[in-house]
Amino acid sequence: KAVMAAARADLIGPDLAHQCRGRDLSPAEEALADALMEIYTAGALGVEAVAAALAQKGVRSPSSGSTDWTAETLSQELAALNANLDRAYAENGFGG
């Protein structure tokens with residue numbers, strides 16, 4: 001089993017985990033992604049709860065640098081980030 005797991009890891013590699021990005025995330029985008037993972041892992045549900053947790057943690061918006069998160073600003077930020085990553089994928093294809 002260990003040999004098969006190692007072989008799968010070699011075949012998949014770390015790049016495949018992020019194959020749909022088209023580019024690397026900026027440090028601010030990585031910080032947002034990490035914070036979102038922590039918040040969801042802690043059990044937050046709904047955009048209002050997630051926005052409140054981001055504000056409480058002082059996470060900066062990648063686009064504006066603001067730490068004033070609302071449901072609306074979170075939705076806008078994620079939509080803009082996804083659109084940017086979609087454009088990067090269309091231009092660059094696999095990986096970053």
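Colleague: Let's start with Leu74. Where does Leu74 lie?

Modeller: Leu74 lies in helix 4. Keep in mind as we go that this is a predicted model.

Colleague: Does Leu74 count as buried or exposed, and why?

Modeller: The general idea is to look at relative accessibility, where buried means under 20%. Leu74 has 2% relative accessibility, so Leu74 counts as buried.

Colleague: Which residues does Leu74 touch, if I skip those up to four places away in sequence?

Modeller: With those left out, the list is Val47, Val50, Ala51, Leu54 and Trp69. Take Ala51 as a case: Ala51 and Leu74 are 23 residues apart along the chain, and their C-alpha atoms are separated by 6.2 Å.

Colleague: Some of those names make me curious about helix 3. Which residues of helix 3 are buried?

Modeller: They are Val50, Ala51, Ala53 and Leu54. Viewed down the axis of helix 3, these buried residues fall within an arc of 160°, so they line one face of the helix. Here is the general idea behind such a pattern: an α-helix has 3.6 residues a turn, so residues three or four places apart point the same way.

Colleague: What do the buried residues of helix 3 pack against?

Modeller: Their packing partners are helix 2 and helix 4. On the face turned away from the buried side, helix 3 carries the exposed residues Glu48 and Gln56.

Colleague: And what follows helix 3?

Modeller: Gly58 does, with a positive phi near 75°.

Colleague: Now for charges. How many salt bridges does a search of the whole structure find?

Modeller: First the general idea: side chains of opposite charge can pair when their charged atoms come close. In this structure, the search finds one salt bridge. In a salt bridge the side chains of Lys57 and Glu38 meet, at 3.1 Å from N to O. This pair links distant parts of the chain, with Lys57 in helix 3 (residues 47-57) and Glu38 in helix 2 (residues 27-41), 19 residues apart.

Colleague: How do Lys57 and Glu38 count in terms of accessibility?

Modeller: Lys57 counts as partly exposed because its relative accessibility is 45%. Glu38, at 46%, also counts as partly exposed.

Note on methods:
Residues numbered from 1 in each chain as written. Predicted model: local features only at pLDDT ≥ 70, side-chain atom pairs only at ≥ 80, totals over all residues. Heavy atoms only, no water. Helix = DSSP H or I, 4+ residues; strand = E, 2+ residues; numbered from the N terminus. Buried < 20%, exposed > 50% of the residue type's maximum accessible area, 1.4 Å probe, protein only. Contact = heavy atoms within 4.5 Å. Salt bridge = Lys/Arg side-chain N within 4 Å of Asp/Glu carboxyl O. Arc of directions from axis to C-beta.
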